[in-house]
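The entries follow the order in which I went through them.

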Amino acid sequence: MLNSVTIQGRLVANPELRFSRDNTPFCTFTIANDPDFQRDHADFYDMIAFGKTAQFIVDYFTKGRMILIKGSLSTSKWTDRNGAKRTDVKISVEHAYFCDSKPATQTENQPSDSNFTVPTPDIDDCPFAK
């Protein structure tokens with residue numbers, strides 16, 4: 001059966017690398033997607049990534065960065081402490097892509113109150129460009 005998700009959005013917080021009981025690296029994070037550029041509405045999607053994909057996301061993406069995700073929907077069911085049955089739906093990340101330029105770092109010549117920076121893409125920092 002087909003289970004494919006492609007979605008673009010901005011990270012709402014910095015992803016953190018954690019490890020499962022069997023020492024598999026993983027990270028969870030949430031992205032905000034504003035459909036049709038509606039500034040007054042956003043949809044939020046929970047993500048989970050494992051292994052090298054999780055490490056890549058933690059190393060190169062921070063809060064506010066635009067990311068494109070290709071993956072699949074995954075559900076998990078459990079019973080909470082009160083005996084209520086719960087279901088959790090996440091997007092299981094298979095691939096993550098940059099959708100914006102590398103953030104410019106502030107220099108001594110740049111005023112601290114400036115909201116405008118010209119991003120300069122640096123392909124040397126991209127792990128898959130070598």
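Below are my entries on a helix, its aromatic rings and one lysine.

**Ground rules.** I am working from a predicted model, in which local features need pLDDT of at least 70 and side-chain atom pairs count only at pLDDT 80 or more, while totals for chains, interfaces and linings use all residues. I number residues from 1 along each chain as its sequence is written, and I take side-chain values from heavy atoms, with hydrogens and water left out.

**Helix H1.** I looked up which residues of H1 (residues 51–60) are buried, and found Ala-54, Phe-56 and Ile-57. Seen down the helix axis, these buried residues fall within an arc of 160 degrees, so they line one face of H1; the arc is that of the directions from the axis to the C-beta atoms. I then noted what the buried residues of H1 pack against, namely strands E2 (16–19), E3 (25–33), E4 (43–50) and E6 (85–98), where contact means heavy atoms within 4.5 Å. Helices (H or I, at least four residues) and strands (E, at least two) are DSSP runs, numbered from the N terminus. Buried means under 20% relative accessible area, exposed over 50% and partly exposed in between, with a 1.4 Å probe and protein chains only.

**Aromatic rings.** My search of the whole structure gave 6 aromatic pairs. The ring centres of Phe-56 and Tyr-60 are 5.3 Å apart and their planes are at 40 degrees, so I recorded this pair as tilted. Rings of Phe, Tyr and Trp (its six-membered ring) pair if their centres lie within 6.5 Å, and planes under 30 degrees apart count as stacked, over 60 as edge-to-face and the rest as tilted. Both residues lie in H1, 4 residues apart, or about one turn of the helix. Phe-56 counts as buried at 14% relative accessibility, whereas Tyr-60 is partly exposed at 31%. Tyr-60 also pairs edge-to-face with Phe-98, at 6.2 Å centre to centre and 90 degrees between the planes. This pair links distant parts of the chain, since Tyr-60 is in H1 and Phe-98 is in E6, 38 residues apart. Phe-98 is partly exposed at 28%, and I noted that Phe-56, Tyr-60, Phe-61 and Phe-98 form one aromatic cluster.

**Lys-90.** Is Lys-90 buried or exposed? At 19% relative accessibility, Lys-90 counts as buried, and it lies in strand E6. Its side chain makes a polar contact of 2.8 Å with the side chain of Asp-88; such a contact is a pair of N or O atoms within 3.5 Å, of which, within protein, one must be able to donate a hydrogen and the other to accept it, and residues adjacent in sequence count only if both atoms are side-chain atoms. Not counting residues up to four places away in sequence, Lys-90 touches several residues, including Thr-28, Asp-46 and Ser-72.
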